[in-house]
Amino acid sequence: MSQIQIFDTPELLAAATARRFVMLAEKSSAEHPFSVALSGGNTPRRVYELLATDEFKNEVNWKFVHAFFGDERSVPPDDPASNYGMALATLISRVPIPEINVHPIPGVGDHHENARSYERELRTYFAGSAWPRFDLVLLGIGEDGHTASLFPGTAGLAEKTAWVIANWVEQLNEFRFTLTAPAINSAAEILFLVTGGGKASRLAAVLNGPHQPNLLPAQLIKPGQGELIWMVDKAAATRL
Ligand code: 6PG
């Protein structure tokens with residue numbers, strides 16, 4: 001099932017996303033912890049900040065939340081480009097989530113070994129499952145149509161067995177770590193956060209254009225048995 005929700009401002013979109021997070025996390029318990037794959041980029045920053053405010057933070061039993069990452073850059077955690085670093089500063093360091101429940105993707109070292117070790121960590125957490133069943137995956141889209149670190153034209157788009165890969169991105173001249181499309185698509189719920197007029201035409205192409213996932217990797221995201229919700233602000237929705 002997929003749906004589009006349109007918000008007047010990025011702030012309203014961030015608040016609705018934080019509310020959705022709280023609503024989904026509320027059901028968590030020791031037997032059924034809440035697993036979320038956080039995204040990087042700018043759009044989720046405000047969501048994380050809101051989740052760390054008293055209004056939201058006290059609604060979540062952080063003991064039962066496990067925070068994973070959908071993608072990461074090849075940088076150490078204290079680099080300004082680190083997705084983990086951003087989430088740490090805006091959310092993780094501000095809420096009582098146990099350190100053992102936070103699962104950053106290692107950004108430095110051997111790229112392929114890092115991807116394999118993160119996949120092992122996920123396989124331990126989701127023991128017995130063919131694919132990871134995240135309760136929630138947060139995603140964004142880039143102006144080039146990428147999502148997570150699945151960039152146009154990259155080899156990682158065709159991955160059918162691995163959960164996590166080190167994806168060589170020629171256009172950035174770097175490796176990015178990312179969940180693969182089938183791993184993302186196994187989630188119970190996926191929220192795409194899209195704001196700003198700069199993304200309007202790409203969003204329209206992803207949603208309503210011809211199926212060209214090699215050019216528009218965001219088109220690969222279709223949960224097999226889960227919800228897909230597009231959280232879009234008015235500026236990004238102008239071409240829909
Ligand atoms: C990252 C991402 C990436 C992001 C989009 C949108 O690490 O950059 O996870 O896929 O979600 O690039 O980014 P913005 O929210 O900054 O536009």
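**Ligand site and selected residue positions**

Asn173 is exposed, with a relative accessible area of 56% (exposed means over 50%, buried under 20% and partly exposed in between, with a 1.4 Å probe and protein chains only). The model is predicted: local features require pLDDT of at least 70 and side-chain atom pairs pLDDT 80 or more, while totals for chains, interfaces and linings use all residues. Residues are numbered from 1 along each chain as its sequence is written, and side-chain values use heavy atoms, with hydrogens and water left out.

Asn173 is placed in the loop between E6 and strand E7 (174–179); helices (H or I, at least four residues) and strands (E, at least two) are DSSP runs numbered from the N terminus. The phi angle of Asn173 is positive, near 60 degrees, in a residue other than glycine. A positive phi, of about 45 degrees, also occurs at Ala148, which is not a glycine. Ala148 belongs to the loop between strand E5 (136–140) and strand E6 (164–169). In contrast to the exposed Asn173, Ala148 is buried, at a relative accessible area of 10%.

Ala148 is also one of the residues closest to the ligand, together with Asn42, Thr43, Arg73 and Lys199. In total, 15 residues surround the ligand, each counted if one of its heavy atoms lies within 4 Å. This shell consists of nine polar, four charged and two nonpolar residues; Ala, Val, Leu, Ile, Met, Phe, Trp, Tyr, Cys and Pro count as nonpolar, Asp, Glu, Lys and Arg as charged, and the others, Gly among them, as polar.

A polar backbone atom of Ala148 is 2.6 Å from an oxygen atom of the ligand. For Asn42, a backbone N or O atom is found 2.7 Å from a ligand oxygen atom. Asp71 contributes through its side chain, a polar atom of which lies 2.8 Å from an oxygen atom of the ligand. The protein buries 89% of the 410 Å² that the ligand exposes when taken alone (Shrake-Rupley method, 1.4 Å probe).

Leu215 is exposed, with a relative accessible area of 51%, and Gln225 is exposed at 65%. The C-alpha atoms of Leu215 and Ala89, 126 residues apart in sequence, are 33 Å apart in space. For Gln225 and Asn185, 40 residues apart along the chain, the C-alpha separation is 8.1 Å.

Ile97 lies in the loop between helix H4 (83–90) and helix H5 (111–125) and is buried, with a relative accessible area of 12%. From Ile97 to Gly128, the C-alpha distance is 25 Å at 31 residues apart in sequence. Leu12 is found in helix H1 (residues 10–25) and is partly exposed, at a relative accessible area of 45%. The C-alpha atoms of Leu12 and Asn61 are 24 Å apart, and the two residues are 49 residues apart in sequence.

Technical notes. A polar contact is a pair of N or O atoms within 3.5 Å; within protein, one must be able to donate a hydrogen and the other to accept it, and residues adjacent in sequence count only if both atoms are side-chain atoms.
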